[in-house]
Structure formats: structure tokens, C-alpha cells
Amino acid sequence: MFKCEVAKDKSRVTTHLECNDHGGSGVESKKVSEKNHVAEYEQKEKISSGVGQLDEILHYFRLGDNVVWKIEELDDYRHFANKFVQKGLDAGYKCVYIRFAPHEPILQDTENVEIVTINPSPGFDYFSSQVHHTIEKYGEKIFYVFDNLSSLVTEWATDELLADFFKVTCPYLFELDTIAYFALTKGRHSHSAVAAIRDTTQILLSYYHVGDNTYLHPLKVYARYSPDMYLPHLVSEEKWKPVFNSGEAAAVSSTERKKGLKRSIKTIAPWESVYSRLKYYYAINPESRITDPDILALKQELSRMVIGNHPRFNKLADEYFTLEDLLSIRDRIIGSGRVGGKAAGMLLARSIVIKSNGKKDFRKIMESHDSFYIGSDVFFTFLIKNDLFRLKVKMAESSDMSREEFEEVEQKFLEGKFPEEIVEEFRDMLDYFGQAPIIARSSSLQEDSFGNAFAGKYRSEFCANQGTPDERLEAFMHAVKLVYASALNPDALSYRRKRGLQNEDEQMAILVQRVAGIPYKQYFFPALAGVTFSRNLFTWTKRIDPNKGMVRLVFGLGTRAVDRVGRDYPRMIAVSHPGLRPEAGNQITKYSQWEVDVIDFRKNNLETVHFRDLVEDCDYPNLGMFVSILTGGYLTDPYKKITDCTAQQMVLTFNNLISKTDFIPIIEEMLATIERVYEQPVDIEFTASLDPEKKIKLNIVQCRPMTIPGITGQIEIPQKIPATDILFRSDKIINGGTIENIGYILYIEPTSYDDIEDMDIKKSIGRVVGHVNEKMRSMNSSFIMMGPGRWGSSNIELGVNVTYSEIDGTSVLVEIAREKAGHTPEVSYGTHFFQDLVEGQIIYMPAYPDRKESEFNELFFKESGNLLPEILPRFSDFANVIKLIDVRKAADGASAVIAADPQAQKAICYLKKD
């Protein structure tokens with residue numbers, strides 16, 4: 001029913017399946033045909049390789065398999081080939097050894113093996129024909145062992161002919177239900193040649209040595225799958241164990257890749273010319289310090305090509321990036337172009353702390369690093385190839401775009417295609433990561449630079465990275481397209497417009513990182529993640545030193561540390577006094593983290609699970625370092641391994657982590673070191689874990705210059721204001737200042753908001769706020785936004801779901817807490833939302849109408865007229881919830897004034913005659 005043949009397209013010769021029945025035609029028929037063939041292939045007789053551990057990982061061989069071994073040492077190939085042949089002979093199969101290379105024979109005992117010697121010297125045509133005649137002669141169900149294919153390059157002087165030989169030989173062997181062994185020497189062949197062989201073979205295995213350990217990494221296994229099949233496996237005499245721990249996997253894989261193949265250079269562009277000259281220099285002088293002016297100039301030129309041309313970044317890059325660092329970065333760039341601001345900031349921060357001479361040896365603390373970078377040039381190539389460039393230009397010039405319009409833009413991006421050579425590089429990268437979860441993170445040229453953070457403006461997409469190689473490739477490309485589309489999202493365009501960047505070059509590079517963590521049950525996540533700042537703007541007591549910094553810490557993926565999500569609270573740690581909390585007593589339990597973001601291997605997706613459900617077996621490593629035990633209404637910290645309590649008693653406090661490890665001293669030194677070099681406060685995202693000896697392992701995920709609220713001079717809080725002129729007071733201030741002549745207040749009444757039962761209407765509130773924001777901006781009016789609970793939360797039950805572009809025109813954002821409605825403002829310091837407020841110089845504060853000391857002027861907000869139906873008549877239906885107050889009209893010509901003093905933690909909003 002099926003036959004395997006060679007495609008006619010010379011640019012990409014691969015095997016494919018042709019359906020000979022007449023049940024259908026076209027693409028869908030081919031899909032059904034291949035699906036049926038895979039099902040049939042899975043049901044074939046299982047045949048042993050002669051190595052039980054290998055059979056367990058691959059789920060055995062099937063007749064038709066071509067097995068290619070990428071090896072460093074020929075003796076490794078000999079070991080597996082001899083085991084395979086001996087098992088085949090024992091099972092009654094005829095075994096044939098194709099001998100053509102000058103190396104020592106592969107098979108040691110050839111008494112029952114037929115040996116066919118073919119001379120490759122006459123050339124590709126002669127050799128390939130003789131091999132085909134041999135295959136034809138022996139017929140079906142034969143076991144073959146071939147000499148090392150790499151020797152053919154010595155004869156033919158080209159990788160392309162080697163790949164062509166395999167592409168015409170493999171399908172014939174497949175058709176005759178044989179099993180054939182081949183070998184390739186690592187590092188000897190071009191990326192394109194290995195990619196062609198990978199596309200054609202059924203099984204591709206990488207076998208290598210790192211230090212005293214040996215690893216097997218399956219890169220392709222046709223028609224078989226398991227959740228750990230494509231991970232590196234540590235080879236031992238007994239069970240070969242998959243390497244799950246992200247730090248160990250990164251160390252193993254990155255070390256192995258340094259010895260592996262590099263991309264062939266097929267261009268004379270300056271980019272590759274500079275790279276190749278420096279590569280040659282480094283090969284002959286790997287340990288020497290650069291003193292040659294010409295080489296130093298080339299190093300700086302490569303740095304500008306890779307990192308960019310920002311003067312402050314250039315200075316730091318020249319000092320902290322060695323030639324080896326730059327060559328390593330270039331080796332991991334997919335396509336060409338720059339790596340972008342986020343990647344540059346992360347790499348620079350790592351290099352600064354590793355090269356520092358402080359109290360801590362960060363060489364032992366930092367986890368191994370093995371990111372990849374999709375070069376910024378690929379972004380424009382994708383736009384042009386898919387006719388999206390004009391759309392980008394049009395959207396960048398647009399003053400406003402609805403969410404619905406942006407969803408249409410996203411769909412156009414998702415329908416786009418990548419150039420085939422880029423797809424091949426994606427495949428190569430995914431082969432490297434195997435089934436380890438990865439994340440595609442935006443890294444635009446302007447992102448995380450000095451002065452422009454773009455915090456949370458562009459997308460980051462987690463890839464659980466489970467499934468077959470083709471499924472993983474499709475999921476990854478989907479993620480990349482979403483990140484590309486986010487360059488045009490309304491928040492990003494609003495941010496760029498507000499900061500005068502709309503006409504600046506903004507290419508989107510992408511940083512592809514291995515997700516830190518270990519597997520636990522069906523999940524994968526890091527023990528610790530968070531964001532830390534070298535300056536603490538949230539000093540809830542005068543004992544705290546704001547210059548020492550602070551940490552916003554969570555259990556699991558760091559998404560919950562930087563986003564406002566659910567009824568959850570990260571642990572807020574003042575580095576100068578880590579034992580102090582902004583909460584006390586029973587508040588500690590209430591204001592803790594209760595949900596955990598994880599990668600779910602079964603669902604192949606990012607999921608949120610309840611903490612107590614996650615650790616219900618109480619067997620998570622070092623759990624006692626992260627939790628306190630709630631007994632009789634009191635919290636106590638475990639003294640030893642948790643054995644006598646249940647998960648229902650556990651509260652995430654991280655008390656033992658803080659008091660019994662050097663986590664905080666490490667964070668403190670890291671912050672101080674990087675701030676000193678940057679000559680500016682910094683904001684760092686990180687992951688961390690504890691090894692079996694409870695030593696901290698740290699990974700810097702992101703680093704950017706920190707934006708400090710621009711307050712100059714003393715903020716005076718007026719004392720003698722008539723009670724009738726006070727609109728409200730607040731006593732939780734992070735950023736401050738004085739704003740006068742406020743003409744309008746957008747007020748969302750908390751009880752009315754809470755009474756909305758239709759979720760679609762509730763979701764629309766944020767969109768209406770966005771239109772009011774745009775209208776006020778067009779009127780060049782200063783205004784305040786006030787509303788219930790947590791603005792910007794993903795949960796509309798907890799507050800108004802708005803994005804940055806929908807609030808970016810306001811001067812002050814007030815979160816109203818009504819006890820009866822259950823709305824609780826969150827001090828959002830450290831989230832992307834807070835970064836938006838700080839960079840936009842928007843003053844944030846909570847207000848508590850039910851507290852007497854708040855002096856909340858209920859009468860003013862209740863009786864003031866509503867301007868909304870007049871200036872935005874199409875949203876009149878929302879007038880019962882959203883009130884736009886003309887302050888001067890409501891207050892007999894007076895305007896509103898805000899005075900907020902973060903030092904004294906006091907703020908007031910009052911009326912004042914102009």
C-alpha cells in the first residue's frame with residue numbers, strides 16, 4: 001500500500017510516503033496516509049539492539065529503521081554495532097557489513113557476517129550504484145552495518161555528496177524492511193549535511209562524553225515517543241537515566257555542543273568575515289590576552305554587530321565580554337543580526353558577577369548557561385516574506401488600536417511562514433534542547449536598555465516542548481510568531497509613542513532559554529523565582545535601608561512574581577532586614593502565595609495549580625526550607641525534614657530559606673556588584689534552587705537598568721485643609737510627587753462594579769476606560785483614575801482588567817478597597833504593572849473609604865455629575881458604573897491636587913481654587 005521514494009525537488013531531497021489507494025487525494029489524503037503508516041509502523045515486530053537500556057529508551061527497533069550514530073570515538077560505534085549484529089545473528093537475521101573506509105574494521109567477529117567491500121575512490125556515482133546493487137542483491141529484512149560515513153568526505157571532498165548518498169540509500173533500505181547502522185564523526189560536517197541526514201533517517205542518536213560521564217541523546221526516533229525520549233541520558237551499567245535537572249542539563253549539553261558541528265559559512269558579508277577571522281585567531285591563541293590593535297578592533301566590531309551600538313552598553317561589553325564570550329554568542333545566533341536588549345542585559349549581568357572578586361564565588365553559584373538567540377534580521381525577513389512589513393509601518397503610525405484589531409494582526413502573523421534555512425536552524429536548536437521546556441522571550445533592540453525597560457510590553461511564550469520533533473517544531477514556531485506579533489500590540493505602541501520612540505528602529509530579536517527547574521510529578525518548575533531590585537522603594541518601616549534593595553519571591557515559575565494574578569501574594573523581602581515583613585500576625589497567612597505556575601507535561605502547557613495540592617505528598621525536595629506550619633492559628637518554621645504535618649497546614653513563607661541559607665547575602669552581593677558596574681540601580685529577574693547540601697544555585701534570567709521615580713525636593717503635605725475640600729487620604733505610597741490643576745476624575749464605583757453579573761460587560765469596563773483615557777489625552781487634560789481592587793489584574797473579580805495603553809494618560813491611579821466588596825489593593829511593587837506606573841510617572845496609591853482616617857469624601861463622588869455620556873455617547877450604557885467627573889464643574893471652579901510623600905508614607909487629594 002505504501003512505497004518510499006525520493007522527492008524530485010533537488011533543493012530538498014527527503015523521503016516521503018505515497019498513498020497508492022484511491023480513497024482520497026491532496027494534502028488531507030497524504031496526512032491520513034502518513035498517520036496510518038505511523039500506526040502500522042508502531043505495530044511492527046519489536047527488534048532488540050542488543051543493549052537493553054537502549055531498547056528501553058527507543059522502544060526497540062522496527063524493520064525499516066536506519067540508525068545514524070553521531071560519535072566522538074569510533075570505539076563507541078564499534079561497541080553498539082557489534083552488540084546489534086550479535087543480537088541479529090542470534091535471532092536468525094542475515095547480517096551484512098559494508099566496508100569502504102580506511103579505519104580499522106567496525107565488526108570484531110565476522111565469522112557469520114557477509115562482508116562487502118566497495119571502493120569509494122571512483123566517486124559518488126560508482127560508489128552509490130555499487131551499494132544499491134548490493135542492497136538489491138540481498139533483498140528484504142537484512143541487518144546492515146556501514147563503516148563511518150565521515151570517511152567519504154575525505155574521498156569526495158564535499159559534505160553535500162555525503163548527504164546525497166545517504167538520501168538515496170536510506171529510502172531503499174527502508175523500503176526493503178532492513179535495519180542499517182551508520183556513523184558520523186561529530187564536528188566534521190556542515191549543519192546542512194547533518195540536517196539532510198536527520199530528515200531522511202528514522203533514528204538519529206548522539207553519543208558523547210563529558211568529563212568522566214557518557215551520555216546518549218536521541219535526536220530523532222520515528223513513530224515512537226515517550227515523555228523523556230529526547231532528553232540526554234546518563235549512560236551507566238544499569239538504567240540509563242534521563243537528565244531532567246535544568247542546571248545539569250545545561251552544563252552537559254553546552255559542554256557537548258562546544259565540540260559539535262558549526263554552521264558552514266556561505267557568505268562573504270562583513271558579519272561572517274569578522275567572525276571567521278576572530279575564530280581563526282582564537283583557535284591559535286585561546287588563552288592569550290588580545291594586544292594586537294587589529295584583532296582588538298575586530299573584537300569590538302563583532303561586539304557591535306551582536307550586541308548593538310548603545311554607548312553605555314558598548315563600554316561594558318568591551319570590558320566584560322571576552323573574545324570567547326562573543327564567539328560563543330555568535331555560535332548560538334539563529335540567522336543573523338543582533339541578540340537584542342534583553343539577551344544583552346542578561347549576558348552582561350552574568351559576566352559581571354562571574355568575573356567579580358567579591359565575597360561570593362559566583363562561578364560556583366551560577367548555573368550553566370545555554371541560551372540561543374534568534375537574530376534581529378530574522379524578524380524583518382519574516383515580515384517581508386509574509387507581506388507584513390507594510391502592516392508594521394501602518395500600525396506603528398496608528399494612534400489607536402483595539403484588542404479586536406490586534407487579534408486580527410496576530411492571526412496574520414500566525415499564518416506566516418519562515419524561510420526553510422531558518423526552520424532548519426530551529427530544528428537544530430530543538431535537537432539540542434530535546435524535550436526540556438523552553439521559553440521564547442522578546443528581546444527587541446530597544447528593550448531593557450538604559451532609559452527604556454519595555455517591562456511586560458512584549459510577549460514571552462513558554463513551550464512545554466513535549467511531543468515528536470515535528471510537533472515541538474510547530475509549537476515553537478507558533479510561539480515565535482506570537483512574540484513577533486507582540487511588537488505591534490497596543491501597549492508596546494503606546495509605550496513607544498509616549499517615550500518618543502515611534503520613529504526609532506525597533507527590530508525584534510528573540511531570546512530562547514531553557515526553563516529552569518526539575519520535574520516533580522507531571523510538572524516542571526523551579527523551586528524559587530522572582531525579581532529583585534538594587535533599590536527598595538517600598539520601605540514599610542524606617543529600619544529598612546532602601547539602598548540595599550528588595551526581593552519579590554515565589555515558588556514555581558516567576559510569572560507570579562512579575563504579574564498581578566489572582567488572590568496571590570509573593571514574599572516581599574527587604575534585603576537589609578530580610579526577617580521583617582509588611583504583614584504581621586494572621587495577615588501573613590492571608591498575604592501569602594497559594595497558587596503555583598508550572599509546566600504540565602501531560603497537558604503540554606503552562607498551568608496553575610494550588611500549592612497544597614501540588615505538594616500534598618510532602619516529598620518535594622527541601623520543602624521545609626520554603627514553608628511554615630500553621631498549627632492552632634500560629635505559624636512555626638520546621639526544624640528538620642517535614643514528616644508530622646499535612647500539606648493543608650503549610651504556608652509559603654520562605655523563612656528557613658532566608659534564615660538558614662546564604663540566599664539573601666548572595667542576592668545582596670549580586671545587586672551591589674551589578675549596580676556598581678552599571679553606575680545605576682538595576683532590576684533583575686532570577687531563578688534559584690537548593691542542591692542536596694542546601695547550597696544556593698542561581699540563574700539570572702533578565703537584567704535591566706532600574707527606573708527610579710523622579711521626585712525632587714521635599715514633598716509638603718498640607719495640614720490645614722477644610723474637611724469639605726479633602727477628597728481622600730492614603731497611607732501606602734511607593735512613588736510620589738505633587739500634581740496640581742487636575743481637571744477630571746474617572747471614578748468606578750466599587751459596589752456597582754461588584755454587582756455586575758454579566759462577565760462580558762465586566763470585561764468591557766477596561767475597554768471603556770481605554771477610550772476615556774484616549775479622549776482625555778486628546779483634550780490634553782490632567783486626570784485621575786479611581787476604581788475597585790487591583791487595576792491590571794488578570795482576574796476581573798479582583799479589579800479592573802486594563803492594559804498599560806488604557807491607562808497611560810492618567811496622572812494618578814487609585815485602587816479603592818471596600819471591605820464589603822472584598823476588594824483589596826496590592827502593593828504591586830516589582831510587577832510589570834508597577835514598572836509601567838513608575839516609567840510613566842504615574843503616582844499609585846490605595847484608598848480605604850471604610851477607614852475613618854482615609855477621610856474619603858463619599859458625598860463628592862456620589863453627587864458629582866457624569867460627563868461620560870456627553871463626551872463618549874456610545875458608552876452611555878456604562879454610566880451607572882463609570883463616572884467621569886468634571887472637577888471644576890463639580891467643585892465650583894476648583895481643581896484637584898495630589899500631594900504624595902513616599903518617605904512619610906502619606907498622601908492627600910484635595911480641592912484647590914486656581
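Is Lys912 buried, exposed or partly exposed? I looked it up: Lys912 is partly exposed at 35% relative accessibility, where buried means under 20% relative accessible area, exposed over 50% and partly exposed in between (1.4 Å probe, protein chains only).

I note that the model is predicted, with local features needing pLDDT of at least 70, side-chain atom pairs pLDDT 80 or more, and totals for chains, interfaces and linings using all residues. Residues are numbered from 1 along each chain as its sequence is written, and side-chain values use heavy atoms, without hydrogens and water.

**Salt bridges**

I took a salt bridge as a side-chain nitrogen of Lys or Arg within 4 Å of a carboxyl oxygen of Asp or Glu. By this rule I have 35 salt bridges.

I found Lys912 in a salt bridge with Glu740, at 3.5 Å from N to O. Lys912 lies in strand S37 (residues 906–913) and Glu740 in strand S30 (residues 737–742), so the pair ties together parts 172 residues apart in sequence. I took strands (E, at least two residues) and helices (H or I, at least four) as DSSP runs, numbered from the N terminus. Glu740 is partly exposed, at 41%.

I next checked Glu675 and Arg535, whose side chains meet in a salt bridge of 3.3 Å, N to O. Glu675 is in helix H25 (residues 663–678) and Arg535 in the loop between strands S19 (528–533) and S20 (550–555), so this pair ties together parts 140 residues apart in sequence. Glu675 is buried at 17%, whereas Arg535 is partly exposed at 26%.

I also noted a network of salt bridges linking Arg198, Asp199, Glu424, Arg427, Asp431 and Asp470.
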